[in-house]
Amino acid sequence: MKKRAFLCVVVLASIGTAWLLAQPAGDSLVDGFKTVEVASVSDAIEQLYGQRAYMSHEMRPLAVTKFAGTAVTVQLKREEHKEGSAASQGMLDAIDAAAPGSVYVMVLDNGAGPGTSSWSNAGIDYAGIGGLMATAMKYRGFAGAVIDASVRDTPQIRKLQFPVFSRGVAPSTTINHFRVTGVNVAVTCAGVQVNPGDIITADEDGVAVVPAARAAEILKKSQELDDTEHRMIPFIEKFKSIKEAVKQFGRI
């Protein structure tokens, strides 16, 4: 009996150790993006690389929020079928497999492809996630979710205080209408390419995507832009001139 009890303790200790080792270390880059404004991130990427990094203005939060985290991507394509939730299993697996601090990036695609007139509205009338998936993300430690589609169960999601951006709200389901075609693959979300592991940063102004390989340079530039703008505000208040502030600081 004592031997059996000892073995149980050893097994539980091993499981606990494995769980702790599986938790990601604090990422200073992600933490840095939690403190800068998305507008500064967008400007930084445009100034450094001449590229757009912000998602469509239709991508809006359910409630006031600010977060940053690494992307876990899920892609679904429109297909009428009778397989039920089996065809969507991948979107659930992605939640259970993701590390704390992740951002769930879901794209609903009607299969027409980017650039076509119908592609951009593929998922507007379908809810990509609802209260159950949001609850799982909340208790898995996700930083937030960005859904290129609609969402539902909004009272439950707001009660959870889980950050969600979406392009709308609808009572519908993707089950039997869409099929998961990729998990942790490159996707185009609300007009911007997102690769697994890219840093997603979001606030009331919108959502920006930071390529992982360029994150350090972009963060540095974003912090510089933030600092300049924050120093301009008291200058404008004191001298009551936006023209002089722009002349002095070189930012608008």
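Contact here means that heavy atoms lie within 4.5 Å of each other, and with that in hand I would like to walk you through a few parts of this structure, which is a predicted model.

Let me begin with a pair of helices. Met 91, Leu 92, Ile 95, Asp 96 and Ala 97 in helix α4 meet Met 133, Ala 136, Met 137 and Arg 140 in helix α5, and the residues of this contact divide into 7 nonpolar, no polar and 2 charged. In general, two packed helices are described by the angle between their axes and the distance between the axes. For α4, residues 89-97, and α5, residues 131-140, that angle is about 20° and the axes are 9 Å apart. Because angles under 35 degrees count as roughly parallel, α4 and α5 are roughly parallel to each other, and α4 passes α5 in a left-handed crossing.

Just after α7, Lys 240 takes a positive phi of about 55°.

Finally, is Ser 150, at 1% relative accessibility, buried or exposed? Since buried means under 20% relative accessible area, Ser 150 counts as buried. Ser 150 lies in strand β5, residues 144-151, and, leaving aside neighbours within four places in sequence, its contacts include Gly 123, Tyr 126, Ile 129, Ser 166 and Val 169.

Definitions and conventions:
Residues are numbered from 1 along each chain as its sequence is written. This is a predicted model: local features need pLDDT of at least 70, side-chain atom pairs count only at pLDDT 80 or more; totals for chains, interfaces and linings use all residues. Side-chain values use heavy atoms; hydrogens and water are left out. Helices (H or I, at least four residues) and strands (E, at least two) are DSSP runs, numbered from the N terminus. Buried means under 20% relative accessible area, exposed over 50%, partly exposed in between (1.4 Å probe, protein chains only). Axes are lines fitted to C-alpha atoms, for helices over the stretch in contact, and angles run from 0 to 180 degrees between N-to-C directions. Angles under 35 degrees count as roughly parallel, over 145 as roughly antiparallel, 65 to 115 as roughly perpendicular and the rest as oblique. A crossing is left-handed if the near helix is turned anticlockwise from the far one by less than a right angle, and right-handed if clockwise. Ala, Val, Leu, Ile, Met, Phe, Trp, Tyr, Cys and Pro count as nonpolar, Asp, Glu, Lys and Arg as charged, and the others, Gly among them, as polar.
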